[in-house]
Structures are given as structure tokens and as C-alpha cells.
Amino acid sequence: MFLVDTIKSLKPNIVVVVNIIKLNAIDSTNTYLKERVNETFVEDETIIVAENQQKGRGQMGNGWLSRTGQSLTFSVFKRFEGLMVEQQFVISMAVSLAIVETFKQMGVSSVSIKWPNDILSGNKKIAGILIENVLEGTNIKHSIIGIGVNVNESDFPYLPQASSLKLEMGKSFQLEEVLMLILKNLLNNLKSVTNLDFFEWQELYERNMFRRNDISTFENGDGKRFNGIIKGISEMGELLVETENSSTEKFQLKELKLLY
């Protein structure tokens, strides 16, 4: 393990000030960061990067496949002031949009957000996000934001809907360069979380939503399938779906699965 507390420059116009802790092997960067926060003072915007993450976690308890030297897995510690609990989906939007913007800058085609925060190229997932918030009264005290990016993988056994930057772009990438490009947009967005109101974030987020305004097939928590059209999100971050009877219904994460 070693600590980097420096200014990292990739290009003359890209300078990122970062505090990075790099680990050779770890179960989960989010778990490690949570334990560290409980044990000692952690500087705002501290980043934990794992060369080999053995038990990465995704939304709803799903695992995250990562391979040494091919996957980018890291977590960011971020404090907030004045951010109410009911506004917490703004964090998810800010993080998702930062990754979308990075991939677009890199030239990845057809980048979108599959609600709530999977990042796709076409209909293939190339990045995932897990956000864990700690509350203090009615406010969010801080967040631990875990991000996994498929960078140089070339095959995904048993994961037909996964892809990587290498597969999408036809070339390999330096993991640290991708990390710094993401951090530049991510840290800027996180600084702006309380500067923009919900509706400004919502407009940007909905503009980049996967299959918005297209007829899609869904499966609800009871296993029933139905057709509907994604219209956007509610102020609580719920998915708004226009159903076959023309009514618009709200769904939370565990209540609905998009089958495309």
C-alpha cells in the first residue's frame, strides 16, 4: 500500500489535485473506505484504488467482476454540507454524468445511463456505481462512492450484456490515465452538487437516459412482465414509466427490472 498526495498532470490542460491510497489487493474499496472512516479522520475527496478487488459490490448486492491490470476499481470519500436526505439522488446523477462525460470525451459511442447508474455503450454495460450515504439527522453527512470500469477486458464469460473500453474503442488504455480523466469530471460534479438545483441535474440526467421515450419490456418484483416507456425520474429518483394503460407509474430500484 502506498499514498499519493500530489498534482497529477496528464495533458497541459488537465490537472487534477488528488489524495489517492493505492492497494495491491482488497475485498472491496467501499468496505475498506468505510472501515477507515470509522477508525480515523479521512480527508475530503480521498480516493481508494485497488489493483485487485476480490469482492467488489454493485447495486442490490450484485458482485462486480474485476481483473488485475484490466479493471479500474476505486472509491471516493466525499463530505456534503446542507444536502438533505430527500435530495440524495442528486449524488447519483452527478456521478453518473461525470462518467458519461468522460467516456464521451474519450470518444466512446452511444454512451447512456441505465437507471439508476449503470453506464452503457450501446446496450453493453462498461461501468457501474455503488453509492453509500451516511446520514446525520435530516442531512447527508458524507458519501462513499464506489466505481468500477471495465477498461481492458476482452471477454466476459456468462455476462453477455457487459463490455469494456477496449472492446468499444478497439485499443488498450492506461488505467491511471482513465482514472484521472474520470476524477477530473467527478470531483468537479461533486463540488457542484449543492450549487445546481435538482431540476438542472434532472434535465442533464434525463437527456442521457438509456431507452428514454422508447418502448421497453420490464419485469416487476412479482416476476410479471409488461411493456412501458421510460419518461424520466421523479424528484426522489424513482423511475417514471408510462404503462400500457397510458398512466405514469413510479418505481424504486428493487421494484423493477429493465429487460430491454
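**Sheet and backbone**

A: An open sheet of 5 strands has antiparallel pairing and the order E14-E13-E12-E11-E15. Strands (E, at least two residues) are DSSP runs, as are helices (H or I, at least four), numbered from the N terminus; two strands pair if DSSP finds at least two bridges between them.

Q: Which are the edge strands?
A: E14 and strand E15 (256-258), each pairing on one side only. From one strand to the next, the twist averages 50°, with axes as lines fitted to C-alpha atoms (for helices over the stretch in contact) and angles from 0 to 180 degrees between N-to-C directions.

Q: How many bridges join E12 to E13?
A: 5, between antiparallel strands, with E12 covering residues 225-233. Ile233 has Leu239 in E13 as its bridge partner.

Q: What's the basis for all this?
A: This is a predicted model, where local features need pLDDT of at least 70, side-chain atom pairs count only at pLDDT 80 or more, and totals for chains, interfaces and linings use all residues. Residues are numbered from 1 along each chain as its sequence is written, and side-chain values use heavy atoms, leaving out hydrogens and water.

Q: Now Ser246: where is it found?
A: In the loop between strand E13 (239-243) and strand E14 (248-251). Phi of Ser246 is near 70°, a positive value in a residue other than glycine.

Q: Is Ser246 buried or exposed?
A: Exposed, at 56% relative accessibility (buried is under 20% relative accessible area, exposed over 50%, partly exposed in between; 1.4 Å probe, protein chains only).

Q: Which residues does the cis peptide bond join?
A: Trp115 and Pro116, with omega about 0°.
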